Amino acid sequence: MRKLVAISILLGFLCVGCAEKNAPKEVSLKLDPSKVEWFKDAKFGMFMHWGLYSILEGSYNGHTMPDTTFPQGNTWYAEWIKPRLEVPDDYYNGLINEFNPVRYDPDSWVREAKNAGMKYLVITAKHHDGFALWDSDVSDFDIAATPYKKDLLAPLVAACKKYGLKYGFYYSHWQDWEDPDGAMPYWYPWRPDEDFEKYWQRKSLPQVKELIEKFDPDLLWFDTWDWENHITPERRDELIRLVRSLSDKCLINGRICYSNPGDNIDFLEMHDNAYPKEMLDKPWQTPATMQNSWAYHGNDYNWKPANRMLRYLVNNTSMGGNYLLNVGPKADGTLPAPAVRRLREMGAWLDVNGEAVFGASPTGYKMPEGIYTTQKENSDGKNLYIFLTSPVASVTVPDVIAGGCEVLETGQPIDMSVVDGETVITLPNSIFKDDSIVVLKCH
Ligand code: JFZ
């Protein structure tokens with residue numbers, strides 16, 4: 001006891017000025033805009049949906065998603081299997097005893113992302129089912145309770161750091177189907193707001209705090225939709241304030257409150273697979289699927305070709321937005337072969353054409369359908385890049401191109417002439433050899 005008193009006195013002594021330091025600081029809801037620059041330059045990121053649902057691969061008890069024999073079964077999204085195919089709570093939550101990703105190799109995941117040209121990675125730390133991929137102090141519905149036991153996020157974060165990728169976490173801050181007070185799908189009976197407040201204070205905010213303190217993410221990906229009511233502007237700001245008070249770099253996406261994101265989020269999040277045709281007044285990104293489903297779905301054969309996905313990437317780049325392309329790992333930790341082939345094909349195209357994408361900005365030129373432009377200042381001066389997604393005989397740029405144009409990949413010179421302040425570029429059909437996008441570099 002005497003020792004304790006002595007220690008307290010000593011601590012009190014050492015702590016002159018502590019009171020001041022510990023006093024709640026006024027936290028600005030706005031992040032320093034310079035912290036968003038990396039995101040604007042990055043253009044291309046990897047999204048990953050991985051969790052207990054990955055075990056089921058979109059099917060349960062002889063039914064495969066989408067399955068309209070269930071009232072709400074009309075979706076491919078395999079991470080939604082529990083409510084959509086009415087998997088009983090006990091069965092679904094019991095998957096925790098089966099989740100054992102013994103082939104998980106985060107280094108190989110991040111290498112695939114890096115080789116694809118991706119600059120950041122966002123994984124579902126917790127999706128709507130409530131299951132945490134890390135060893136959470138807040139909830140026992142987490143990886144520590146599986147046969148695998150080991151935290152999945154720390155080694156992934158380490159791999160991202162090793163390969164120079166930024167990283168972030170999807171966190172389902174309102175839907176939580178395991179927690180008795182979490183929000184449920186919209187067709188379930190509405191839970192009273194006091195109950196949701198319990199979930200909010202007991203699990204949602206503390207887990208966000210935990211994620212930041214344990215892993216120091218570069219961004220947090222929150223998720224709400226148009227008709228969402230739980231995330232009031234007050235709760236939205238409470239969450240933003242929490243993130244800002246713990247991190248001076250962590251970006252926050254607009255889906256923290258989709259219908260009313262306010263002025264303090266760092267970038268807008270489009271609807272799933274939605275590609276705007278105009279510029280927006282904030283940085284933005286499109287979350288996109290490779291299959292129809294986000295989580296790996298073993299019977300979803302709707303894999304998009306790499307060339308189509310590159311067109312989405314180029315569309316977004318030319319409008320100042322990013323492309324967050326999803327891969328759904330299998331429950332054992334491996335990546336599906338069709339996903340890997342597509343990542344490598346996109347990476348091969350970006351290896352020779354990435355100069356026109358990464359760090360580039362929109363030009364503001366109005367171009368015909370299927371033709372996109374970006375601009376960038378390089379060591380070789382200011383360049384204009386023109387993406388041709390299908391064969392055309394000529395392109396008119398509403399500006400004077402003083403130097404010349406060439407095909408970026410091969411260096412083949414391309415004819416052009418300046419007439420009345422416009423530049424007309426004449427394209428030989430022979431440059432369109434397959435359906436890959438041809439990029440011109442003009443200066
Ligand atoms: C949400 C999640 O529900 C989904 O599982 C996935 O994680 C995706 C990235 O985000 O998806 C949405 C998005 C929009 C609507 C519904 C679910 N919507 O428009 O109703």
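In this predicted model, 13 residues of domain 1 are in contact with 15 residues of domain 2. The domain assignment places domain 1 at residues 33-356 and domain 2 at residues 363-442. The centres of the two domains, taken over C-alpha atoms, are 36 Å apart. The points below turn to helix packing, charged side chains and the backbone.

**Helices α7 and α12**

- Helix α7 covers residues 106-116, and it packs against α12 at an angle of about 35 degrees.
- The axes of these two helices, α7 and α12, are 7 Å apart.
- On the α7 side, the contact is made by E112, N115 and A116.
- On the α12 side, the contact is made by V340, L343, R344, M346, G347 and L350.
- Sorted by type, the residues of the contact of α7 with α12 are five nonpolar, two polar and two charged.

**R342, a buried charge without a salt bridge**

- Helix α12 runs over residues 337-353, and R342 is part of it.
- R342 is buried, yet it has no salt bridge.
- The nearest side chain of opposite charge to R342 belongs to E345, at 6.5 Å.
- Leaving aside neighbours within four places in sequence, R342 is in contact with M290, W303, K304, P305, A306 and M309.

**Salt bridges**

- Side chains of opposite charge can pair when their charged atoms come close.
- The model has a count of 26 salt bridges.
- One of the salt bridges joins the side chains of K40 and E37, with an N to O distance of 3.2 Å.
- Both K40 and E37 lie in helix α3, three residues apart, which is about one turn of the helix.
- K40 has 37% relative accessibility and therefore counts as partly exposed.
- E37 also counts as partly exposed, because its relative accessibility is 37%.
- Another salt bridge joins D223 and R255, at 3.0 Å from N to O.
- This pair links distant parts of the chain, 32 residues apart: D223 is in the loop between β6 (219-221) and α10 (233-246), and R255 is in the loop between β7 (251-252) and β8 (268-269).
- Both D223 and R255 are buried.
- R255 also forms a salt bridge with D272, where the closest N and O atoms are 2.5 Å apart.
- D272 and R255 are 17 residues apart and again link distant parts of the chain, with D272 in the loop between β8 and β9 (284-288).
- The relative accessibility of D272 is 26%, so D272 counts as partly exposed.
- R255 counts as buried because its relative accessibility is 3%.
- K126, D176, E178 and K203 are linked in a network of salt bridges.

**Backbone: positive phi and a cis peptide bond**

- K43 is a residue other than glycine with a positive phi, near 65 degrees.
- The position of K43 is in the loop between α3 (37-42) and β1 (44-48).
- K43 has 3% relative accessibility, so K43 counts as buried.
- E57 is likewise a residue other than glycine with a positive phi, in this case near 50 degrees.
- The loop that holds E57 lies between α4 (53-56) and β2 (59-60).
- E57 has 28% relative accessibility and therefore counts as partly exposed.
- A cis peptide bond joins M65 and P66, with omega at about -5 degrees.
- P66 lies in the loop between β3 (63-64) and α5 (81-84).

**Surroundings of E57**

- Not counting residues up to four places away in sequence, E57 touches Y296, H297, G298 and N299.
- E57 and E79 are 22 residues apart in sequence, and their C-alpha atoms are 8.6 Å apart in space.

Methods. Residues numbered from 1 in each chain as written. Predicted model: local features only at pLDDT ≥ 70, side-chain atom pairs only at ≥ 80, totals over all residues. Heavy atoms only, no water. Helix = DSSP H or I, 4+ residues; strand = E, 2+ residues; numbered from the N terminus. Buried < 20%, exposed > 50% of the residue type's maximum accessible area, 1.4 Å probe, protein only. Lys, Arg positive; Asp, Glu negative; His and termini not counted. Salt bridge = Lys/Arg side-chain N within 4 Å of Asp/Glu carboxyl O. Contact = heavy atoms within 4.5 Å. Axes fitted to C-alpha atoms, helices over the stretch in contact; angles between N-to-C directions. Nonpolar A, V, L, I, M, F, W, Y, C, P; charged D, E, K, R; others polar. Domains from an automatic or database assignment.
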